[in-house]
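Please look over the sequence and the model shown here before reading on.

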Amino acid sequence: MTLRPQLPSRFPCRIAIIGDMPSVEDVASGLLFIGRVGQELNGWLRIAGIDRQECLFSNVLSFRPDRELVDELVSVNNIGPERQMPVMRGKYFPPAWYPELDNLEQLLLQYKPNVIVALGPLAVWALTGRI
């Protein structure tokens with residue numbers, strides 16, 4: 001299941017929160033950041049006086065890949081002859097997922113957040129090229 005970003009109520013938005021991929025709970029509900037991480041995030045936003053509706057929420061991947069691929073994301077090692085992937089930004093990343101990075105870039109260019117919060121190593125890598 002592909003999950004769409006949760007768009008902010010204001011444009012341009014002040015804050016974009018970018019995760020790695022939808023959680024199991026997100027996929028089940030069809031909404032982003034709805035599980036344990038989302039509940040903790042909601043608490044942090046509340047404490048900071050930030051209205052969740054004014055934030056852009058998205059993930060690097062709009063879908064949840066198979067469990068074995070989740071463990072291999074942005075691997076620093078070659079995965080084996082049957083699963084060799086080209087290097088992108090110094091890491092192995094499935095070419096079929098390159099459009100996900102383009103979509104995220106376009107979303108951020110469109111909404112122009114002042115602050116981007118990366119939640120997870122894949123998000124950090126996608127936004128900075130580093131882990």
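This is a predicted model: local features need pLDDT of at least 70, side-chain atom pairs count only at pLDDT 80 or more; totals for chains, interfaces and linings use all residues.

Residues are numbered from 1 along each chain as its sequence is written, and side-chain values use heavy atoms, with hydrogens and water left out. The protein has five helices and five strands, where helices (H or I, at least four residues) and strands (E, at least two) are DSSP runs numbered from the N terminus.

**Overall make-up**

- Read from the N terminus on, the elements follow the order β-α-α-β-α-β-β-α-β-α.
- Of the 131 residues in the protein, 42% are buried, a word that here means under 20% relative accessible area, with exposed meaning over 50% and partly exposed in between (1.4 Å probe, protein chains only).

- The buried residues in α4 include E100, L101, L104, L107, L108 and Y111. They lie on the same side of α4, because they cover an arc of only 125° around the axis, the arc being that of the directions from the helix axis to the C-beta atoms.
- As background, an α-helix has 3.6 residues a turn, so residues three or four places apart point the same way.
- After α4 comes K112, whose phi is positive, near 50°.
- A123 belongs to helix α5 (residues 121-128) and is buried, with a relative accessible area of 0%. Although A123 and L101 are 22 residues apart in sequence, they are 9.9 Å apart in space, C-alpha to C-alpha.

**Cysteines**

- Taking a disulfide as a pair of cysteine sulfur atoms within 2.5 Å, the count comes to zero disulfides.
- C13 is in no disulfide, and the nearest cysteine sulfur, that of C55, is 7.6 Å away.
- C13 is buried, with a relative accessible area of 1%, and C55 also counts as buried, at 1% relative accessibility.

**Pockets**

- A pocket is found on a 1 Å grid over the protein atoms alone, as an open set of points where a 1.4 Å probe fits, with protein on both sides within 12 Å along at least five of seven lines, and its lining residues have an atom within 4 Å of a point.
- The largest pocket holds about 260 Å³ of space, a volume being the space filled by probe spheres set on the points, which are joined across faces, edges and corners.
- Of the 16 residues that line the largest pocket, M21, P22, S23, D26 and V37 lie nearest its centre. The elements giving two or more residues to this lining are α1 (24-29) and α2 (36-48), and the largest share, three residues, comes from α2.
- The second largest pocket, with about 180 Å³ of space, is lined by 14 residues, of which P5, S58, S62, E100 and N103 lie nearest its centre.
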